[in-house]
Each structure stands twice: as C-alpha cells, then as structure tokens.
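Hello,

Here is the structure I promised to pass on to you. Please have a look at it first, and then read my notes below.

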Amino acid sequence: MRKLNFYTFLFLSLLMLNFSLSFAQKKQKEVPFTKGADVGWLPQMEATGYKFYDSDGNEKDCLQLLKDRGMNSIRLRVFVHPNDDKASGHCSKEETITMALRAQKMGMRVMINFHYSDSWADPAKQNKPAAWANHTFPELLKDVYNHTFDVINSLKKAGVTPEWVQIGNEIPGGMLWPDGSTNNWVQLGQLLNKGYDAVKKVDQKIKVIVHVDEGNNNSKFRTFFDNATAQKVRYDVIGLSYYPYWIKKDYSETIADLQFNLNDMASRYGKEVMIVEVGGEDDKIQNTYELLAATIKAVKNVPNNKGIGVLYWEPQGARSWSHYALSAWLPDGKPSPALDAFKE
C-alpha cells in the first residue's frame with residue numbers, strides 16, 4: 001500500500017510539473033507580436049494645428065487611428081537638450097514622458113530611443129550634445145549613464161516602464177563621435193554598456209536594443225555585432241532599420257536578404273531581432289503595403305520566435321507637414337491604406 005502511494009505521488013507530481021511547464025510555455029507564447037510606430041513628430045503636428053481624420057472623414061486621435069490599424073506599440077526618441085524647431089527639435093525628457101503616458105493610457109507598449117545628441121543622430125552624424133562637447137571620455141561614460149538613468153527612472157516614477165530601450169540610434173559607425181566611433185571599439189563598447197547598466201538599474205525586465213541601419217546588409221551587421229561581441233557589449237535585442245528607398249531598390253529585390261540577415265542575427269548571436277524602423281513611399285500605396293506585409297512576414301518567419309516585431313517610422317508624419325516622403329499618410333489627413341498591413 002505504501003509502495004502504491006509513492007508511485008501515485010510520483011505520477012501526480014510529474015503530471016503537475018508537466019502542466020506547469022506547458023502553462024509557462026503557453027504564457028510565454030502569448031506575448032503579442034509587436035506592431036507599432038515611431039511618432040516623435042506627433043505632439044508638434046498637433047501643436048501646429050494638424051488634424052487627423054479616419055477613412056470616414058471624422059476627426060480622430062492619431063494614436064487611436066494607429067491602434068485601429070493593428071498597432072500595439074509606440075516608439076519615442078529622446079534628445080538631450082533640443083531646440084524648439086518643429087521637425088528637428090523637441091523630444092526632451094519631459095515631452096517624452098508626456099507622450100509615453102498618453103500612449104500607455106491607449107493600451108500601447110512603449111519603446112524609448114536614445115539619440116545621445118541634441119538633434120538627429122544617424123549613420124551620417126553622431127554629434128555630441130553641446131553640454132558634453134568638451135568632456136573627457138570618463139566624463140562621457142558618466143554622461144551616458146546619468147542621462148539614460150534619469151530619463152528611464154523619471155518615466156518609471158511617472159508610471160510608465162518602457163518595454164524596450166534603444167542605446168543609440170542607427171550606430172553602424174558608433175555614437176558620440178569621435179570618442180565612441182567604431183574606429184575605437186574599446187570605448188564604444190564601454191559607452192554601450194554604460195547605457196545598458198543604467199537601464200537595468202531602473203528595471204531588469206526592460207529589454208535593451210542596439211540598432212543598426214540597412215537591415216538587408218548582412219556583412220554590415222556581422223562586422224558590427226562581431227565587434228560588439230569581442231567587446232562584451234551587453235544587450236537583449238538586435239534592432240534593424242529597413243528602407244529599400246534609401247538604397248534605391250524595390251523591397252522585392254532586398255526582402256530575401258533581410259530574411260537571411262534576420263535569421264543569421266538570431267542564430268549567430270542568440271538574440272531577439274526587431275525591425276525598429278521601416279517605411280515606404282507615401283504615393284506608392286500598394287507597393288508600401290506589400291513592403292510592410294513582406295517585412296512583417298519575414299520577422300515572423302525567424303525561427304524559435306526570435307523575431308518580435310515591426311515598427312513604422314513616423315507613419316503619421318504627413319509630407320505636407322514634414323516634407324518627408326516616407327510617411328504613410330494621405331494629403332487629406334487620413335491614414336494610408338498601406339497601414340492595413342498591420343491588421344493582419
């Protein structure tokens with residue numbers, strides 16, 4: 001009888017363990033695929049009187065329009081000491097907190113993107129903030145840590161804990177030039193790790209992203225992330241930009257290369273991958289729809305659920321306001337049907 005009870009207990013224990021593991025795996029799989037947009041221009045568009053309309057002609061909150069088209073996440077950039085230029089300024093800590101709270105109230109997940117500059121940082125320019133311009137490298141390490149910690153901790157105190165934080169924006173050549181250039185990977189690695197440490201000090205659950213442009217260029221990504229690995233750079237997600245427009249090719253010519261690179265990054269470095277910026281021409285609606293559908297499919301096709309999302313860069317940034325050709329907004333203030341790709 002005692003022997004029977006032991007085997008019964010063992011069987012029930014194994015059954016419960018299997019149930020717990022199955023439940024945990026199911027819960028893990030239930031994390032929704034990230035579909036979203038960078039909307040850093042939105043507050044200034046509204047402040048200058050731009051109105052957003054639904055396809056039926058009724059005025060509507062822009063974030064609701066994006067949500068209605070399947071988006072569940074918002075990306076916000078942060079400049080250090082920006083000016084008041086409507087298109088190249090703003091995005092201060094305070095403005096970012098206001099937008100993050102607004103997005104969260106809409107049920108959106110939040111990504112924060114640090115440029116570590118007073119304005120745009122991208123592959124062509126990684127200018128130090130004016131206040132940091134004459135700092136020594138040890139001082140720059142403190143600047144990166146303190147600025148990153150201050151913004152993320154202030155967000156958390158305000159009630160928003162971002163799900164992801166980018167340390168640098170499109171940094172194939174590094175950041176905070178010349179000190180953090182890829183000509184000096186030892187220093188760049190230290191700067192990236194200071195940003196990582198500051199984020200994790202606020203909340204260990206926040207995923208840190210390192211972001212490189214030209215997502216279809218596997219050689220560029222291997223060069224960058226092999227160096228990052230050699231310098232023991234800490235991060236959780238590889239972020240990619242994908243803009244066929246800027247390399248003067250159609251998406252159909254480069255989507256296979258994007259798929260290869262996504263798969264290679266996930267397997268080579270054991271990281272999750274995400275398209276944090278994508279965009280197509282606003283006057284080529286069908287082509288942009290197909291670009292988005294193909295990009296989402298490519299990310300979802302990454303093995304082992306390592307492909308976690310796709311975000312459009314400034315879809316609401318209508319050309320009439322921004323002079324930017326890759327928004328996904330119509331001249332009449334309505335969202336482009338191209339955005340319907342996010343519904344699926």
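**What I found**

Glu214 is found in the loop between β5 (207-212) and α7 (218-230). Please keep in mind as you read on that this is a predicted model.

I began with the backbone. Most residues other than glycine have a negative phi, and most peptide bonds are trans. You will find Asn305 in the loop that runs between α9 (285-300) and β8 (307-313). With a relative accessible area of 61%, Asn305 is exposed.

The peptide bonds have something to show as well. Trp177 and Pro178 are joined by a cis peptide bond, with omega at about 0 degrees. Pro178 sits in the loop between β4 (164-167) and α6 (185-202).

Next, a pair of helices. Helix α5 (residues 137-158) packs with α6 at an angle of about 25 degrees, and their axes are 8 Å apart. How are α5 and α6 oriented, roughly parallel or roughly antiparallel to each other? Angles under 35 degrees count as roughly parallel, so α5 and α6 are roughly parallel to each other. The crossing in which α5 passes α6 is right-handed. On the α5 side, the residues that meet α6 include Phe137, Leu140, Leu141, Val144 and Phe149. Among their counterparts in α6 are Leu191, Ala198, Val199 and Val202. By class, the contact of α5 with α6 has 11 nonpolar, 5 polar and 4 charged residues.

How many disulfides does the structure hold? The number is 0. A disulfide is a covalent bond between the sulfur atoms of two cysteines. For Cys62, the nearest cysteine sulfur is that of Cys91, 14 Å away, and Cys62 is in no disulfide. The cut-off for a disulfide is a pair of cysteine sulfur atoms within 2.5 Å. Cys62 is buried, with a relative accessible area of 0%. Cys91 is likewise in no disulfide, and the nearest cysteine sulfur to it belongs to Cys62. Cys91 counts as buried too, at 7% relative accessibility.

Cys91 also turns up around Thr96. Leaving aside neighbours within four places in sequence, Thr96 is in contact with Leu76, Arg77, Val78, Cys91, Ile112 and Leu155. Thr96 belongs to helix α4 (residues 93-105). Is Thr96 buried or exposed? At 4% relative accessibility, Thr96 counts as buried.

Not counting residues up to four places away in sequence, Gly239 touches Ile209, Val210, His211, Val212, Phe221, Met274 and Val276. For one of these, Val276, the C-alpha to C-alpha distance from Gly239 is 5.7 Å, while the two residues are 37 apart in sequence.

Best wishes

Conventions
Residues numbered from 1 in each chain as written. Predicted model: local features only at pLDDT ≥ 70, side-chain atom pairs only at ≥ 80, totals over all residues. Heavy atoms only, no water. Helix = DSSP H or I, 4+ residues; strand = E, 2+ residues; numbered from the N terminus. Buried < 20%, exposed > 50% of the residue type's maximum accessible area, 1.4 Å probe, protein only. Axes fitted to C-alpha atoms, helices over the stretch in contact; angles between N-to-C directions. Parallel < 35°, antiparallel > 145°, perpendicular 65-115°, else oblique. Left-handed = near helix turned anticlockwise from the far one by under 90°. Contact = heavy atoms within 4.5 Å. Nonpolar A, V, L, I, M, F, W, Y, C, P; charged D, E, K, R; others polar.
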